[in-house]
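Please consult the sequence and structure shown here.

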Number of protein chains: 2
Amino acid sequence: MPSSSSIRLTAVPGLPLISPGDDLPRVIANALRAARIPLADCDVVVVAQKIVSKAEGRYIDLASITPSVEAESLAAETLKDPRHVQAILDESRRVVRRRPNALVVEHRLGFVMANAGIDQSNIDPNAAIDPALLLPEDPDASAERLRSELSDSFSVKIAVIVSDSFGRPFRLGAVGVALGAAGIPALIDMRGVPDLTGRVLRATEVAFADEIASAASLLMGQADEGRPVVVLQGLTWHAPHRPAAALLRRPDEDMFR
Amino acid sequence: MPSSSSIRLTAVPGLPLISPGDDLPRVIANALRAARIPLADCDVVVVAQKIVSKAEGRYIDLASITPSVEAESLAAETLKDPRHVQAILDESRRVVRRRPNALVVEHRLGFVMANAGIDQSNIDPNAAIDPALLLPEDPDASAERLRSELSDSFSVKIAVIVSDSFGRPFRLGAVGVALGAAGIPALIDMRGVPDLTGRVLRATEVAFADEIASAASLLMGQADEGRPVVVLQGLTWHAPHRPAAALLRRPDEDMFR
């Protein structure tokens, strides 16, 4: 269970816009050094999915897509661009919910999310092609690469979370969630931990990495790409490391899919 | 949109166990002063629902409840205590999902949550009666009282969030959420805000108070009542204040209810 009594989150200033092929760990390390934010053991570096995808070159050109009959039909139902819908279907296992202006899918990685995370905002609208950005191929692996290289660069053992922002059933507004995690327990199982009165807790698993992503989201904001990296310092934990994939509920155990 | 570049969260030490009738704002103010955590304008005090409910005397005695036929039937389906199920039904508008070991309801306040938030953990198991704790009668009003009295006590303008921890569809693990909020925009509407390239964002509403509750949850832990108050310092915002009730999706606009 967490035992920190104080934590600090800092948005890393001065990061350049990220392009395909950029050495993201080096770019982040340079920005941290320039801002005099030395990493220490157990620091958590939260990196927005968008710049991870950009560095990994996860662009597709919507202009080059020919929508299927299924995509055309679904586009009419959801009032979306058929090429966009085709790109969403290509990244998904199945459609979970559809209605005008909403298309919730199960992404091939297991995330239940709107539009398979395929976002056109923050991309140059004047380009000759119509680019869209996919999620990283394997966000836990992206987190692990960043963790390994940033840890080496600062000679410490840090954790990394690749974060995104998801809408939710029942409640309005998006919140930060973890798509990828390395060096940290993304999910903490507290079942069997006794409480203050000695009674064993009924539940409870804690989505530790999602809570960290939400905390970081308070500083990242939503409307620009200016602060896509946040460092969390002072947090401690006593649970085995688990990737963000551990946060996914199995479809057959999900009452709402 | 948020413009802070660094925030700090601190768990307030030394809070006593809370009992019905306790003057919670005074207890929290005393603990803050003893810990030399002076509140400043725009600080956010996050208070766990459990101690708000206790101070408000929101106990019921499960031993005194006679379950209805409906509660008996639902208890058999969900493998729960029929008196517990009756207490859940008494606090709910309707059952949203049921299965063995799970009962998700729409609470009378609109929250879609397990067991209507009626929890037996952390309560003395040796008591002659079988007490359970309900949510605060009106968590936004509870937050507003705490905001008003703590602001007066420190001669500053602070915000207060009454937090709880909810499970979610699709993803494992509980995360912090806001049941009540005062002095802060619980939900921020960023639709129409231009991004770095000048393109107007498609979406996006941000569940600001839920993200704060999740951040605070990192320090509160789950297994004890020892750190039910967390102070968040350094956060700024530029949006109108809205209570936590603004976070509730209308049932007829919810694709998953």
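**Core and helix packing**

Q: Which residues does Ile212(A) touch, not counting residues up to four places away in sequence?
A: The model is predicted, with local features needing pLDDT of at least 70, side-chain atom pairs counting only at pLDDT 80 or more, and totals for chains, interfaces and linings using all residues. Side-chain values use heavy atoms, without hydrogens and water. Contact means heavy atoms within 4.5 Å. On that basis, Ile212(A) touches Leu218(B) and, in chain A, Val44(A), Val46(A), Ile161(A), Ile184(A), Leu232(A) and Leu235(A).

Q: Which residues touch the most other members of the largest nonpolar core?
A: A nonpolar core is a set of buried Ala, Val, Leu, Ile, Met, Phe, Trp, Tyr and Cys residues joined through side-chain atoms within 4.5 Å; buried means under 20% relative accessible area (1.4 Å probe, protein chains only). Among the 69 residues of the largest such core, the most other members are touched by Ile212(A) and Ile212(B).

Q: Is H1(B) oblique or roughly parallel to H5(B)?
A: Helices are DSSP runs (H or I, at least four residues), numbered from the N terminus. H1 (residues 24-34) and H5 (residues 139-154) of chain B pack with axes 9 Å apart at an angle of about 40°, where axes are lines fitted to C-alpha atoms over the stretch in contact and angles run from 0 to 180 degrees between N-to-C directions. Because angles under 35 degrees count as roughly parallel, over 145 as roughly antiparallel, 65 to 115 as roughly perpendicular and the rest as oblique, H1(B) is oblique to H5(B).

Q: What percentage of the 257 residues in chain A do buried residues make up?
A: Chain A has six helices and 12 strands (E, at least two residues). Of its 257 residues, the buried share is 58%.

Terms used. Residues numbered from 1 in each chain as written. Chains lettered and ligands numbered in written order. Buried < 20%, exposed > 50% of the residue type's maximum accessible area, 1.4 Å probe, protein only.
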